[in-house]
Number of protein chains: 2
Amino acid sequence: MSEPASGPGELPEGIPGRLMAAEIGEQPLVWRRLLTEGAEQVRTAAAAIAAHSPRFVLLLARGTSDRAALYGKYLVEIRHQLPAGLVSPSTMTAYGARPDLRDVLMIGVSQSGGSPDLVRAMQVAREQGALTVAVTNNPGSPLAAAAELGVDVLAGPERAVAATKSYSAQLLALYLLLEQARGGSVEAAHALPTLGAAVLRGQEQVAVAAERYRFAQRLVVTARGYSYPSAQEAALKLMETSYLSAQAFSGADLMHGPLAMLDREVPVIAIRSDGVGGRALDAVLPRLAETGADLFCVGSPEAVQRWGGIALPENVPEELAPVLEILPLQQLALHLALRRGGDPDSPRGLRKVTETL
Amino acid sequence: MSEPASGPGELPEGIPGRLMAAEIGEQPLVWRRLLTEGAEQVRTAAAAIAAHSPRFVLLLARGTSDRAALYGKYLVEIRHQLPAGLVSPSTMTAYGARPDLRDVLMIGVSQSGGSPDLVRAMQVAREQGALTVAVTNNPGSPLAAAAELGVDVLAGPERAVAATKSYSAQLLALYLLLEQARGGSVEAAHALPTLGAAVLRGQEQVAVAAERYRFAQRLVVTARGYSYPSAQEAALKLMETSYLSAQAFSGADLMHGPLAMLDREVPVIAIRSDGVGGRALDAVLPRLAETGADLFCVGSPEAVQRWGGIALPENVPEELAPVLEILPLQQLALHLALRRGGDPDSPRGLRKVTETL
């Protein structure tokens with residue numbers, strides 16, 4: 001199977017969503033680039049991390065990149081067996097905290113590498129003794145300059161305001177970086193471009209599903225484990241492009257309160273990958289069905305057969321599933337926005353680079 | 001000023017929301033109990049933490065208690081100047097991670113102390129070398145038994161499904177524990193019961209505000225810094241009791257995407273405390289107003305004068321403001337639920353103790 005040769009030129013200018021559509025379609029090519037041309041730089045950064053033997057890992061990010069950072073946190077906690085945390089950047093910027101960060105690995109994740117609060121927090125982390133790594137789509141960015149080590153996710157210029165290819169490239173870059181930093185094999189990742197191209201060809205089915213949410217104002221996305229960041233990113237993409245109140249909950253947290261909010265008027269998308277996280281979600285799905293909520297599964301063919309939805313390739317290692325499972329959800333956000341008459345390339349009120357202090 | 005002598009017996013049985021109303025009203029008494037009878041046990045735990053000199057802090061919680069844990073994370077990052085993280089419990093339960101937790105302080109926060117996944121994660125943390133502390137409302141609970149150190153938040157039996165008094169008691173307990181663990185003074189906290197009673201007497205104004213949201217289906221709560229957990233807890237309370245899709249965003253994250261979702265149909269509640277976090281939010285409020293969103297402020301009298309809302313007492317140290325600012329938001333959830341014909345004491349689909357694995 002080969003990847004579609006889609007690119008920014010595919011649809012003529014002026015067609016809503018052409019940038020986002022093209023960037024969604026480019027993802028298998030982006031991953032291949034990262035796995036080939038990008039391999040050496042990732043290995044170098046991974047070796048430096050291994051030599052440093054960090055005892056604690058912090059991740060620093062905002063927006064879509066913060067979902068990639070959360071995925072990295074699961075990799076650190078489960079595969080490196082190290083404690084990890086997501087930094088609240090304001091503690092180092094607005095509040096001026098200067099924490100003791102010896103033995104800490106600080107990984108900053110950002111598409112543009114340009115948000116001033118992340119740059120400042122990265123500078124502080126380096127001054128305070130952390131080993132700093134910037135995972136960005138711009139190796140010439142201030143964030144990359146602030147960090148000792150850099151990984152370029154090689155997604156190419158991202159022009160749609162809603163990030164898509166940079167997100168999956170961040171996931172893959174974090175996987176390659178963190179797995180190699182612990183001496184693991186990343187062989188399984190080489191199947192992703194071909195698998196991704198196959199998933200993208202299911203677009204027609206996603207377009208049909210988008211019809212279903214044409215008039216939805218609220219929506220919940222749920223998952224557990226490695227797929228929980230996918231749920232968060234899917235919700236963010238739907239908010240950004242289709243303006244609905246989409247909320248993500250881990251399957252466990254959903255039972256601690258938000259379950260009350262669900263009824264026939266609130267559709268639920270469940271990301272049920274194969275593996276430990278997916279199986280942990282199986283206890284939650286019947287409870288959701290009881291509420292009368294409209295359930296739609298993305299992932300395991302077995303779960304999709306039972307609950308309806310979109311099946312994804314089987315036998316993908318659980319920790320790589322997030323790279324694939326976000327694809328139909330990005331397509332859903334695109335198609336829903338178009339059906340609602342919006343232009344997902346330039347959502348109202350947003351700028352591509354967000355400058356928060 | 002004295003606190004209202006409200007208790008569970010105040011309203012007759014069968015009146016919707018009587019438990020939640022009583023438990024909201026009890027909070028100043030609960031805090032006074034924790035500050036007097038509870039002081040010694042907190043000091044003992046704080047001394048043990050100080051003796052251990054942890055280098056990293058992890059917090060473990062779900063639901064409402066997870067918001068209190070996030071508040072604790074800000075205290076650790078800003079006041080202790082230590083790196084901190086919120087644990088994803090599934091990494092230690094479902095995924096079986098056995099991280100190296102030497103030099104780590106693990107703080108579990110739970111009302112009931114009964115959720116099996118938290119108990120298991122606490123046991124793992126202790127086996128893996130962490131100093132473990134359970135902050136619960138039940139010193140006889142399995143979570144308390146699993147931890148070396150315990151803090152009883154002394155909120156008394158909480159019978160409403162929607163947690164209120166246990167939440168503010170958790171905040172105060174974490175403040176007392178963490179401030180004393182770093183040798184700080186907790187004198188300022190002694191003003192809270194009187195201030196809280198005054199805030200609660202503003203209930204009439206909250207009831208009027210609740211009218212405004214009678215038919216809202218979506219709502220956003222925003223804040224920065226120490227008040228961000230208050231935004232999350234307010235959103236959760238509104239979801240649980242009034243079934244609307246309430247979402248919390250840090251003011252900075254709101255600019256990274258979700259801003260697009262806002263328009264005249266999505267009311268925004270901004271928690272604008274006095275201090276660094278509140279001032280950081282000031283840049284966000286005009287951007288929100290530009291979207292045409294219906295804005296309502298809770299906190300600084302100055303911000304309330306400009307944007308409308310409910311003013312809270314001035315000259316409260318920023319890190320204590322969360323204990324007070326949640327009160328009108330709890331009252332809002334209660335009054336909105338009642339106006340919508342619900343019973344906030346027993347929201348549909350929820351159980352008081354949530355058993356996730």
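The model is predicted: local features need pLDDT of at least 70, side-chain atom pairs count only at pLDDT 80 or more, and totals for chains, interfaces and linings use all residues. Residues are numbered from 1 along each chain as its sequence is written, chains are lettered from A and ligands numbered from 1 in the order in which they are written, and side-chain values use heavy atoms, with hydrogens and water left out.

**The sheet in chain B**

Five strands of chain B form an open sheet in the order 7-6-8-9-10, with parallel pairing. Strand 7 (245-250) and strand 10 (309-311) of chain B are the edges, each pairing on one side only. On average, neighbouring strands are turned by 20° against each other, direction ignored. Strands (E, at least two residues) and helices (H or I, at least four) are DSSP runs, numbered from the N terminus. Two strands pair if DSSP finds at least two bridges between them.

Strand 6 (residues 218-223) and strand 8 (residues 268-272) of chain B run parallel and are joined by three bridges. Here B:Thr222 stands opposite B:Ala270.

Helix 15 (residues 321-339) of chain B lies across strand 8, strand 9 (295-299) and strand 10 of chain B. The helix runs at about 160° to strand 8 of chain B. Axes are lines fitted to C-alpha atoms, for helices over the stretch in contact, and angles run from 0 to 180 degrees between N-to-C directions.

**The interface**

Contact means heavy atoms within 4.5 Å. By this count, 68 residues of chain A touch 69 residues of chain B. The two chains bury about 5,800 Å² between them, 52% of it on carbon and sulfur atoms. A:Arg55, A:Tyr95 and A:His256 supply 13% of the area that chain A buries against chain B, more than any other three residues. Buried area is the accessible area (1.4 Å probe) that two parts lose on being put together, summed over both.

Four salt bridges link chain A and chain B. In a salt bridge, a side-chain nitrogen of Lys or Arg lies within 4 Å of a carboxyl oxygen of Asp or Glu. B:Arg62 and A:Asp253 meet in a salt bridge at 3.4 Å, N to O.

**Buried residues**

Buried means under 20% relative accessible area, exposed over 50%, partly exposed in between (1.4 Å probe, protein chains only).

| Residue | Relative accessible area |
|---|---|
| A:Cys297 | 0% |
| B:Cys297 | 0% |
| B:Thr91 | 2% |

B:Thr91 is found in the loop between strand 2 (84-86) and strand 3 (104-110) of chain B. Not counting residues up to four places away in sequence, B:Thr91 touches A:Tyr74, A:Glu77, A:Ile78, B:Gly96 and B:Ala97.
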